[in-house]
Amino acid sequence: MARMFVIVMTLALAASGPTTSGARAQEMPPHIVPWQDPVGPESGPESGAANDPEAESAVGTDPGPDDAMEDNATEADAPAADVTPPSFDAQRLARLPVLRIGLVLDPSAEAFRVAEPFRAALERGLRVPVHLIAYSDLARVKSALLRGEIDYAPLSATAYADAWRDCACVVPLVAPRSHDGAAGWHAVALVRADSPFEDLADLKGARLATGGPWSTAGTRLPLAALAELGFDPETHFAERIAHEGSLAAARAVLAGRADVAFGWSSLRGDPATGYTRGTLRRLAEAEGPGAAALRIVWTSAQVPHGPHVVRREIPDDIRRAITELLVFEADLEADDGLKSVSPHGFLPVTHADFAPVLAIGSRQDETAPGRLRPLGGGR
């Protein structure tokens with residue numbers, strides 16, 4: 001019997017979250033929802049991104065209060081190429097009737113088509129129904145996860161840290177890999193190559209250039225790391241000047257308007273070209289040899305790209321099955337639907353991997369700007 005695809009455009013405008021009719025154990029919920037590719041750390045090492053250390057949002061690569069919610073559903077015919085119902089696992093169905101995944105998506109027909117291969121690949125691999133629910137922003141995805149309205153979501157690193165602090169009811173499974181094979185990034189402190197500064201202690205009384213107030217890599221994480229190392233961020237620097245991003249902060253150092261800038265880096269590849277990703281790489285691409293005029297005097301521990309997380313009550317064997325489906329090498333066979341989410345695959349992560357962002361205080365303003373970054377994790 002042919003399946004009917006139901007497109008659910010959940011805009012998550014209310015605290016109550018998305019709803020479905022009937023008890024969860026008895027329903028076969030709609031499963032297609034719009035989805036956009038994640039992006040990287042400019043607003044937080046996960047800006048516009050799950051992987052942007054500067055933006056801190058959730059499905060991508062560079063380093064973010066519910067109103068009344070409306071649920072709209074319309075029906076659409078199933079694609080002719082996919083009319084055979086999957087063979088579900090009866091034992092798994094008894095424990096997990098449906099896996100509900102929350103995503104930040106632009107509710108458009110095209111976004112639905114982009115999301116469908118990933119949904120279908122998970123459904124085939126797990127052999128349980130998979131239902132995608134779209135939300136307008138990352139804060140609403142996180143809230144829905146904490147309320148138990150969804151079971152799984154790609155978050156940014158800082159969104160995961162905030163969620164864990166709120167209830168410790170979520171578990172990270174995997175983080176997307178970038179083209180360089182890394183599943184994370186490092187915050188860095190940058191000074192001119194001819195500067196006398198050699199370490200953090202030398203920066204006492206220096207002029208500091210940071211990213212915006214919500215920048216994970218450019219502001220929040222480095223300041224938290226300094227505090228943990230015994231340096232008071234409020235008194236250690238003579239002046240602190242916020243910029244639009246780490247690239248602008250780095251340029252301020254080059255121009256002599258600041259002595260040190262916070263940024264981020266993969267710390268992989270050739271230092272002469274700014275490594276594979278990060279502030280120095282962007283500077284090298286934008287200004288050529290100018291990037292060589294900066295050097296790194298401090299690095300943080302690695303921060304994973306935005307993780308895919310599940311609620312703790314998801315059975316262990318299903319968690320393992322999700323991880324096994326998503327962890328693959330780029331040059332190995334893998335479901336195309338999974339490759340569409342992260343062409344370079346994923347790496348397993350644990351709670352301990354997020355220690356650097358767990359040290360950052362939680363955001364007081366949940367409405368702070370932030371979008372998921374690309375799930376591909378590449379910057």
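In this predicted model, helix H3 (residues 138–147) packs against helix H4 at an angle of about 30 degrees, the two axes lying 11 Å apart. The crossing in which H3 passes H4 is right-handed. On the H3 side, Leu138, Lys142 and Leu146 make the contact, and H4 contributes Ala159, Asp162, Ala163, Asp166 and Cys167. Sorted by class, the residues of this contact of H3 with H4 comprise five nonpolar and three charged, with no polar residue.

Helix H4 also takes part in an aromatic pair. The count of aromatic pairs comes to two. In the pair formed by Tyr160 and Phe354, the ring centres are 4.9 Å apart and the planes stand at 55 degrees, so the pair is tilted. Tyr160 belongs to helix H4 (residues 157–167), whereas Phe354 sits in the loop between strand E16 (346–348) and helix H11 (355–358); the pair therefore ties together parts that are 194 residues apart in sequence.

A further helix contact involves H7 (residues 246–254) and H8 (residues 279–287), whose axes come within 9 Å and cross at roughly 70 degrees. Because angles of 65 to 115 degrees count as roughly perpendicular, H7 is described as roughly perpendicular to H8. H7, too, passes its partner H8 in a right-handed crossing. From H7, the residues Ser246, Leu247, Ala250, Arg251 and Leu254 meet Thr279, Arg282, Leu283, Ala286 and Glu287 of H8. The residues of the contact of H7 with H8 fall into five nonpolar, two polar and three charged.

The confidence of the prediction remains to be considered. Averaged over the chain, pLDDT is 74, and 66% of the residues reach 70 or more.

Technical notes
Residues numbered from 1 in each chain as written. Predicted model: local features only at pLDDT ≥ 70, side-chain atom pairs only at ≥ 80, totals over all residues. Heavy atoms only, no water. Axes fitted to C-alpha atoms, helices over the stretch in contact; angles between N-to-C directions. Helix = DSSP H or I, 4+ residues; strand = E, 2+ residues; numbered from the N terminus. Parallel < 35°, antiparallel > 145°, perpendicular 65-115°, else oblique. Left-handed = near helix turned anticlockwise from the far one by under 90°. Contact = heavy atoms within 4.5 Å. Nonpolar A, V, L, I, M, F, W, Y, C, P; charged D, E, K, R; others polar. pLDDT = per-residue confidence, 0-100. Phe/Tyr/Trp six-rings, centres within 6.5 Å; stacked < 30°, edge-to-face > 60°.
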